[in-house]
Amino acid sequence: MPYRKLKGADDAISQIVDGYMHFHEVVYPDQQELFHKLAFEQTPKAMFITCADSRVVPELITQSSPGDLFVTRNVGNVVPPYGQMLGGVSTAIEYAVVALGVKHIIICGHSDCGAMKAVLNPEQLRGMPTVRAWLQHSEVAKIVVQENCCDKHGDTLGVLTEENVVAQLGHLATHPSVASRLARGELFIHGWVYDIETSQIRAYDMETGEFRRIGDGPLPMASPKPRY
């Protein structure tokens, strides 16, 4: 391996280790009581499902402390419909709702999403068959955009990002533990899109079918009305 590549790899891991040492020696002592409490229990306020993109940091964006968010990350902030892939995302949802009793689930997309770019241009996924298969769960959003939006909006990527959040909210509601609690009004779901450049978040309003900026009036909600 060329020296330059080795040097770059060494620098990357050194920064991570240095960060840990700062946390261990400076940050942790100031919050030692909190970490002692967290050593034996967790009571997160919400589940946060978002993209694995390194620029999206839920705890930073929401200014949450350790223990506040039950976070699940994957390429494209995807939630497979129940029964299709009973893997990491599905098990995390079930555990968060049933075992931890979270009352809110947030699905958060973001600007400049590489996964959504790949959905629009599948040729980018050559050599990545697993990613291609995973992003089939975003195909519904792509079709909605192609058949309804492309002639009306210039920002196809932005519209797709929003529609993907809406699609994943629909998938989320197919999970039995979620569906049951939504029907009883014991669980609330939210669809957000985070803009990396401006820090603004737009949330999906189920009643109007639109995304509206958080902070402009009441918080938009994506939960259906309870039936029981």
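Start with the sheet: six strands make an open, mixed sheet in the order β2-β1-β3-β4-β5-β6. Strands here are DSSP E runs of at least two residues and helices are H or I runs of at least four, numbered from the N terminus; two strands pair if DSSP finds at least two bridges between them. Pick out β2 (69-74) and β6 (210-213) at the edges: each has a single partner strand, so one side of each has no neighbour in the sheet. From one strand to the next, the twist averages 25°.

A note on the model: it is predicted, so local features need pLDDT of at least 70 and side-chain atom pairs pLDDT 80 or more, while totals for chains, interfaces and linings use all residues. Numbering runs from 1 along each chain as its sequence is written, and side-chain values use heavy atoms, without hydrogens or water.

Next, select β4 and β5 (residues 201-205): they run antiparallel, joined by three bridges. Trp 192 has Ala 203 in β5 as its bridge partner.

On to the largest nonpolar core, with 40 residues; Met 47, Ile 93, Ile 105, Leu 172 and Val 178 touch the most other members. Such a core joins buried Ala, Val, Leu, Ile, Met, Phe, Trp, Tyr and Cys residues through side-chain atoms within 4.5 Å, where buried means under 20% relative accessible area (1.4 Å probe, protein chains only). The largest share, six residues, comes from α8.

Definitions and conventions: Buried means under 20% relative accessible area, exposed over 50%, partly exposed in between (1.4 Å probe, protein chains only). Axes are lines fitted to C-alpha atoms, for helices over the stretch in contact, and angles run from 0 to 180 degrees between N-to-C directions.
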